Amino acid sequence: MNVLSAEGLSKSFHETPLFTNLTIGLSANQKCALIAANGTGKTTLMKILAGTETPESGTVTVRSGYTVGYLSQQPEFNEELSVLDGLFKDENEVLKVIGDYEKAVALHADASVLQNLIEKIDALNGWTFEARVREVLGRLGIHDFDKKIKYLSGGQKKRLMLSKLLIEDPDILLLDEPTNHLDIEMIEWLENYLNGLNKAILIISHDRYFIDGVCSSIIELDNQKLFEYKGNYAYYLEKKTLREQVSESEIDKARNLYRRELEWMRKQPKARGTKQKAREDSFYETEKVAKQKKGDDKLNITLQMNRLGSKILEFEYISKAYNDKVLLKDFAYTFKRGERIGIVGKNGVGKTTLLNLVMGLDKPDAGKIKAGQTVVFGYFSQEKMILEEDKRVIDIVRDITDYVDLGGGNYMNVAQFLTKWNFPGSKQHTYVSKLSGGERSRLHLLTVLLKNPNFLILDEPTNDLDIVTLNTLEDFLMSYEGCMLLVTHDRYFMDKLVDHILVFEGDGKIKDINGNYTDYREQKEEEKKEAVKEKKEITDNSFSKNNQPKNKLTFKEKMEFETLEKEIEKLEAKKTELLTDMNSGNIAHDKLNAVSNEYLQVCNTIEEKTIRWLELSEFAR
C-alpha cells in the first residue's frame, strides 16, 4: 500500500509543459531514485510531492499518520538562529530536551543543570535518540553549534538541513541531491545509514554508486512521462535502451503513416462525416507520436586541443597553512603527459586549495609551482562560476567564439554546438537568470571547454549535472589527451576517469595511490586487516613474555570470548557465501540490493566483533 501517492499531476514552466497527467506512488520501505535530464521538471515534481509547490492539476495524498521530510537544493533557515537552535527548533518534546542538553554541554553548564536534563531524557527514554543525534552530527561534520546560520557556506547549510531531517526522522524522506557538498566518507556513511532505515525514500541524485547502494527501483521522468524500473542502475540502463529502441521504431512507423494520413487530410472536403471525423482524430494522435524526438541527439563533444609540450606541471615541495591548520607540507609531484589524477579527502583538508595554488589564485607559503609554456589551463569550479545573469545563453558562448574548432579542419557554428549540448533553439535565447542549476553548470562547463585547454582542473564538476550529461562528459574525458586534476565526491565518475589518486590525509600529508578510487578503498581494507593482524601478533607476543596476565577475565567475559570466536567463524562463512552469490549473476535484480545490504551488514558486524575479541584476548589465557 502506498504511503505517498500523486495522481494527474501537471505543471508548466513559462508556458512550457514540464509534465502532464503524471501518476506516482511510493510504498512503505520503498527506496527509489528519480532520474531525469536537467530542466525537465524532476525538482519541481519533488517539490509538489513535498507540498512546497502547487501543481496546475492533480492531487498528492499522504497516508494518515505519516510525516514527510524534504531536503531541497536550497535549504531555508532563519538565518539569525544559531546552528544548535536551527537543528532543535521543533515541537517534538524529546528533540527539544536533547537540544537543551546539547546546548548545556556546549556551554559547560552547572552539574545541577545537566543532571536535571539527564533525568528528563531518562524519563522520555531518549538516550537512543541522543546517540543517533551525536552520530549524525559527527558524521556530517556539524560541530560549531554557537555559530549563526547566516555565516555558514551553502554546503554547510545543506549538511545542516540533512542533519536536521535525519534527526527528526520523518516517515517519508524526499531528498534532492543529498550527496552534494558531502565528502566521500560522508557519502559512504549516509549510504549505509539510509540502507538501515525502514521507511519510504525518494532520492534525486546523479551519484550512480549511491543510487545502487540505496535504491531498489528507479523512476525516470522522460518526455513528460514516468517510467519505472525495478532494479539497480545497470538494470535501468539495459531496460531504458530497450525501451528507446522500441520507441524509435514506433516513431519511424508513425512518421510513415503520418505522411500518408497528411496527404489524405489535404484532399478531404471540410465537411466530414462520422467516419472521416474518427480518422481525423486518429491522424492527430499519429501526429503526436511522429513529431516526438528520437533518442539520437545525445551530446557529442569533440574539441580541438592546444598542443602540450614536454614540460607540463611541477610541484616543488610546496607548503600551505591557514593560521595553525596545515593543508600541504613539502608536497612534490611532476605531471606526465596524459595523466589524470583524482584528489580525495575530507572537506577542509586542502583539496580546493591545491587547485587554487595551481591557478595562481593563492600563493604557497614555501616551494614553487612551475607550469610549462604550452600549458593552457581550463578551470571548472562552481564556486568560481560567474555567468552574466542578463545575457542569453548564445551570447555567453559568442563572447568566446563564433565557430567551434572540432579538429581536422572541421568547424561548427555556435547554434549547432549548443544544440548538441542540449540547448535547443528556444533555450539558446533564454536569459541565464532563467536557467536551472544543472543548466548553469552545463553552460559553465561548456565555456571552459571552448577555450581548448590542454590541462583541465575540475572541482566538483558533477554537482547538479544530470546523468545524461555526466555520461557524455565521461566519454569526452576518457578520450581527452590532455592532463587532468579532478576533485569529486562522485566515486563512479572518478573510477572511470583517473589512473591514480592523491589522498589528502590531513595535517599536510598527501598519499599517492596507483589506481582509481575502488583500488584505493580495497587497499585501505587490506591495511585495516593488516593492522588487526599486527595488533593480535603484538598481543600474542606480550603474552609469551608474561605468562601471568595483569587481569583475568570474569566468567561472563570468558563465555563471551569463546562465543565470539564461533560467531566470527560463522560470519566469515556467511560473508563468503554472500560474495559468491553476488558474483554468480544468478540473483534476480530486485533481490540483488537486499543481498548487497546484508553483505555490508555482515562485514560491519565482523569488524565490531573482531575488535571486541581483541580486547578480551588481551586478558585471556
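**Figure 1. Helix H11 and the sheet formed by strands E11, E10 and E13.** In this predicted model, helix H11 (residues 351–358) lies across E10, E11 and E13 and runs at about 125° to E10. The three strands make up an open sheet in the order E11-E10-E13, with antiparallel pairing. Strand E11 (325–334) and strand E13 (366–371) are the edge strands, each pairing on one side only. On average, neighbouring strands of this sheet are turned by 20° against each other, direction ignored. Six bridges connect strand E10 (residues 313–322) with E11 in the antiparallel sense. Lys320 has Leu328 in E11 as its bridge partner.

**Figure 2. The loop between E11 and E12 at Lys336.** Lys336 is located in the loop that separates E11 from strand E12 (340–345). Residues up to four places away in sequence aside, Lys336 touches Ile312 and Cys483. Lys336 and Ile312 are separated by 24 residues in sequence, while their C-alpha atoms are 6.9 Å apart in space.

Figure 3. Six of the seven residues of strand E19 (residues 500–506) are buried, so that the strand is mostly covered. E12 and E19 run parallel and are joined by five bridges; Ile343 stands opposite Leu502 in E19. E19 runs antiparallel to strand E20 (residues 509–514), to which six bridges join it. Gly506 has Lys509 in E20 as its bridge partner. The hairpin of E19 and E20 has two residues between the strands, and Asp507 in the turn has a positive phi of about 55°.

**Figure 4. The six-stranded sheet.** Strands in the order E5-E6-E7-E3-E8-E9 form an open sheet of mixed pairing. Strand E5 (68–71) and strand E9 (225–230) stand at the edges; each has a single partner strand, so one side of each is left without a neighbour in the sheet. From one strand to the next, the twist averages 15°. Within this sheet order, strand E3 (residues 31–35) and strand E7 (residues 200–204) run parallel and are joined by four bridges. Ala33 stands opposite Ile203 in E7.

**Figure 5. Helix H1 and the residue that follows.** The buried residues of helix H1 (residues 42–50) include Lys42, Thr44, Leu45, Met46, Ile48 and Leu49. After H1 comes Gly51, which has a positive phi near 85°.

Figure 6. The largest nonpolar core holds 53 residues, of which Leu140, Leu166, Ile167 and Leu194 touch the most other members. Beyond its neighbours within four places in sequence, Ile167 is in contact with Leu87, Phe88, Leu95, Phe129, Arg132, Val133, Val136 and Leu137. Another core, of 42 residues, lies apart from the largest one; among its members are Val397, Phe417, Leu435 and Ile501.

**Figure 7. Aromatic pairs.** The count of aromatic pairs comes to twelve. In the pair of Tyr209 and Tyr492, the ring centres are 5.3 Å apart and the planes stand at 70°, so the pair is edge-to-face. Tyr209 belongs to helix H8 (residues 208–214) and Tyr492 to helix H17 (residues 491–497), so this pair ties together parts that are 283 residues apart in sequence. Tyr209 counts as partly exposed because its relative accessibility is 30%. The rings of Tyr229 and Tyr236 also form a pair, with centres 5.1 Å apart and planes at 80°, and this pair is therefore edge-to-face. Tyr229 is buried, its relative accessible area being 6%, and Tyr236 counts as buried at 3% relative accessibility.

**Figure 8. An aromatic cluster and a charge over a ring.** Phe315, Phe331, Tyr333, Phe335, Phe377 and Phe455 are linked into a cluster by ring pairs. In a further view, Arg442 lies over the face of Phe423, 4.7 Å from the ring centre.

**Figure 9. The protein chain as a whole, for orientation.** The secondary structure of the protein chain comprises 20 helices and 20 strands. Of its 621 residues, 45% are buried. Among contacts between residues at least 6 apart in sequence, 70% join residues at least 24 apart.

How values were computed. Residues are numbered from 1 along each chain as its sequence is written. This is a predicted model: local features need pLDDT of at least 70, side-chain atom pairs count only at pLDDT 80 or more; totals for chains, interfaces and linings use all residues. Side-chain values use heavy atoms; hydrogens and water are left out. A nonpolar core is a set of buried Ala, Val, Leu, Ile, Met, Phe, Trp, Tyr and Cys residues joined through side-chain atoms within 4.5 Å. Buried means under 20% relative accessible area, exposed over 50%, partly exposed in between (1.4 Å probe, protein chains only). Contact means heavy atoms within 4.5 Å. Rings of Phe, Tyr and Trp (its six-membered ring) pair if their centres lie within 6.5 Å; planes under 30 degrees apart count as stacked, over 60 as edge-to-face and the rest as tilted. A charge sits over a ring if NZ of Lys or CZ of Arg is within 6 Å of the ring centre and within 35 degrees of the ring normal. Two strands pair if DSSP finds at least two bridges between them. Axes are lines fitted to C-alpha atoms, for helices over the stretch in contact, and angles run from 0 to 180 degrees between N-to-C directions.
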